[in-house]
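Please look over the sequence and the model below before reading on.

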Amino acid sequence: MRITGQGRPRRVSQADIARRAGVTQAAVSLILRDKATTIPEETRQRVLAIAREMGYRADPLARRLAKGRSQLLGIFTYERVFGTAQRSLYHPFLLGIEEAAEESGNDLLLFTSAAMSGPVRSIYAGGENKLRLVDGAVLLGRDEIPADLEQLVAEEYPFVFIGRRFLDDGREVPNVSPDYRGAGRVLAGRIAALGHREIRYVGANSGLPATADRLAGLRDGDLTVSESFPKLDEISPAFVRELRESGVTAVVAENVDYAEAVRAMSADLPIAVAGISEESEDDFWSGYGIPGRLVGRRALEQLLAALDGGGTAISTVDCPQREGITLTRA
């Protein structure tokens, strides 16, 4: 039912229900919020029946603001396009974030603005923090804008980054990341047990904290680790020949794309992958997986904890080892 008068019909209010039921508006509010512990059951049922008859619908925005929050949380990525394809590295992260948001009664807003700063999106592209539309945000992306993170911290805006990131003064921003170092240490033990001593790390992102963690884990073991950062189309027979001539007997690839490129040049070279998507059901590649879904879930939970006054946090999630068949004896 809509209340009519001059002009357009208006939304039924709690005051309208109170007048019809002969009770106070405060009593109606308590009953509709299921907080009416001292109101007689007969009155409660009468108010609920009148509310149904009049077609009352609660204002979700008013309810949320009464709690001091919008109950909207953001997801912002520095990539040009959200990686929603199932093969994308980001897809499991997004699934985990979505699951945790739904379970906590929060809605998600994807920030897909076309506003850019150079080759990537920027939180402050219009001069203001666009994330202010939501209570807090989970951030993703390999090529973040450091000045954005500096400003977010200065504003004390609640956010969690997926992956380790640092400010100019060396402080680590709130984040959840796969435990690449721990997984690399275990993988190094597996590689050494197969008789390898000289290995080469091959990847694309030399400056990322994740790369440093992967390499640190491998170097925690009893291995000599060199590194190469070619473009995919630079992996050639000559590249593989240089590996062998330098004494390398196994390769650890940053991802499956690099592993496939190396294997295409030399099918018998032992290879492990330091980052297999958990959505891959292929048991072919040896290495360790990226627990994206759990990382996404933890990031959202960590953000909610910060909003509840729990402070900022930094945490890691264990990476599962994958046996595969591509890591063979020296």
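The questions and answers that follow concern a predicted model.

Q: At roughly what angle do the axes of helix α1 and helix α2 cross?
A: Helix α1 covers residues 14-21 and helix α2 covers residues 25-32. Their axes come within 8 Å and cross at an angle that makes α1 roughly perpendicular to α2. The crossing angle is roughly 110°.

Q: How many nonpolar residues does the contact of α1 with α2 have?
A: On the α1 side the contact is made by Q14, A15, I17 and A18, and on the α2 side by Q25, V28, S29 and L32. By class, this contact of α1 with α2 has three polar and no charged residues, and the nonpolar ones number five.

Q: Which strands stand at the edges of the open sheet of six strands?
A: The sheet has the order β2-β1-β5-β6-β7-β13, with parallel pairing. A strand at either edge has a single partner strand, so one side of it is left without a neighbour in the sheet. The edge strands are β2 (107-111) and β13 (314-317).

Q: Which residue in β5 is the bridge partner of L73?
A: Strand β1 (residues 72-77) and strand β5 (residues 136-140) run parallel and are joined by five bridges. In β5, the partner of L73 is G136.

Q: What angle does the direction of helix α6 make with that of β6?
A: Helix α6 (residues 146-155) packs on the sheet, where α6 touches β5 and β6 (159-162). The angle between the directions of α6 and β6 is about 150°.

Q: Is R200 buried or exposed?
A: R200 lies in strand β8 (residues 198-202). Its relative accessibility is 6%, and the cut-off for buried is under 20%. R200 therefore counts as buried.

Q: With which side chain does the side chain of R200 make a polar contact of 2.5 Å?
A: Leaving aside neighbours within four places in sequence, the residues in contact with R200 include S226, E242, S246 and V248. A polar contact of 3.4 Å joins the side chains of R200 and S246. The polar contact of 2.5 Å is with the side chain of S226.

Q: Which residue in β10 stands opposite Y201?
A: β8 and β10 pair in the parallel sense over four bridges. In β10, the residue opposite Y201 is V252.

Q: Which residue in β11 is the bridge partner of V251?
A: Both faces of strand β10 (residues 250-253) are covered, with A250 and V252 buried on one side and V251 and A253 buried on the other. Three bridges join β10 to strand β11 (residues 271-277), and the two run parallel. In β11, the partner of V251 is I271.

Key
Residues numbered from 1 in each chain as written. Predicted model: local features only at pLDDT ≥ 70, side-chain atom pairs only at ≥ 80, totals over all residues. Heavy atoms only, no water. Axes fitted to C-alpha atoms, helices over the stretch in contact; angles between N-to-C directions. Parallel < 35°, antiparallel > 145°, perpendicular 65-115°, else oblique. Contact = heavy atoms within 4.5 Å. Nonpolar A, V, L, I, M, F, W, Y, C, P; charged D, E, K, R; others polar. Pairing = 2+ DSSP bridges. Buried < 20%, exposed > 50% of the residue type's maximum accessible area, 1.4 Å probe, protein only. Polar contact = N/O pair within 3.5 Å; in protein donor to acceptor, adjacent residues only side chain to side chain.
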